[in-house]
Amino acid sequence: MADALKGIVVVILLVFAFIIYPAYRQSENVEEEIKQRANAAAIEFVDTVRSKGYVDLYDYKLFLSSLDASYGVFEVQLEYYKKNLQPNYTDPNDFSTFQNSFNVRYDGYYTKEILNQLYGNAALAEDDPNRRFNMFVGDLFNVRLSLKGTTLASNFRTFLFKSQNVPINIKYGGMVRNEAP
């Protein structure tokens, strides 16, 4: 009886050692590659947009094709925060009461407004400057990516370690460096 129990334990350990663990490690490598490719696509897109000072259709399509090459299905959220300076007055109706200071306020524009500018007028050519979403120096531009669904590695972790599925979320952005011509 003890030998049969030892045999069952050995078979379970062998299955784990030669099948489950290598599959788990391979799925983790695939998940890491998806993260790296998506992160690289986001960095390239955001840095291009920040350098140019505008989002255009060509760059956006190139970004989406780079995300497709990562073999993950991502939800893309674009965020643009326009910087507004508001002077401080003790009496807003009297300009002589200026306090020599400003408040900075950021107005947010999101995916819907940005894509509406890019795709809104289909009669224009794709490289037409009127299809650009223009930005100014000092504004902020961010991209947020979140993977739809779960990966095989995440499912393995949930099954083996009873942990929660941790989604892949990537955020990258920064200040716009140049203005659109």
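R25, E28, E31 and R157 are linked in a network of salt bridges, a salt bridge being a side-chain nitrogen of Lys or Arg within 4 Å of a carboxyl oxygen of Asp or Glu. The structure holds ten salt bridges. This is a predicted model, in which local features need pLDDT of at least 70 and side-chain atom pairs count only at pLDDT 80 or more, while totals for chains, interfaces and linings use all residues. Residues are numbered from 1 along each chain as its sequence is written, and side-chain values use heavy atoms, with hydrogens and water left out.

One of the salt bridges joins the side chains of D47 and R50 (3.2 Å, N to O). These two residues are three apart in helix 1 (residues 2-52), so about one helical turn separates them. Helices (H or I, at least four residues) and strands (E, at least two) are DSSP runs, numbered from the N terminus. R50 is buried at 11% relative accessible area; buried means under 20%, exposed over 50%, and partly exposed in between (1.4 Å probe, protein chains only). D47 is partly exposed at 23%.

The side chains of K61 and E126 also meet in a salt bridge (2.8 Å, N to O). K61 lies in helix 2 (residues 57-68) and E126 in the loop between helix 3 (111-119) and strand 4 (133-134), so the pair ties together parts 65 residues apart in sequence. K61 is partly exposed at 36%, as is E126 at 47%.

Strand 5 (residues 140-147) pairs in the antiparallel sense with strand 2 (residues 74-89) over eight bridges; two strands pair if DSSP finds at least two bridges between them. Here V76 stands opposite L145. Strand 5 also pairs in the antiparallel sense with strand 6 (residues 169-175), over seven bridges, and S146 stands opposite N169 in strand 6.
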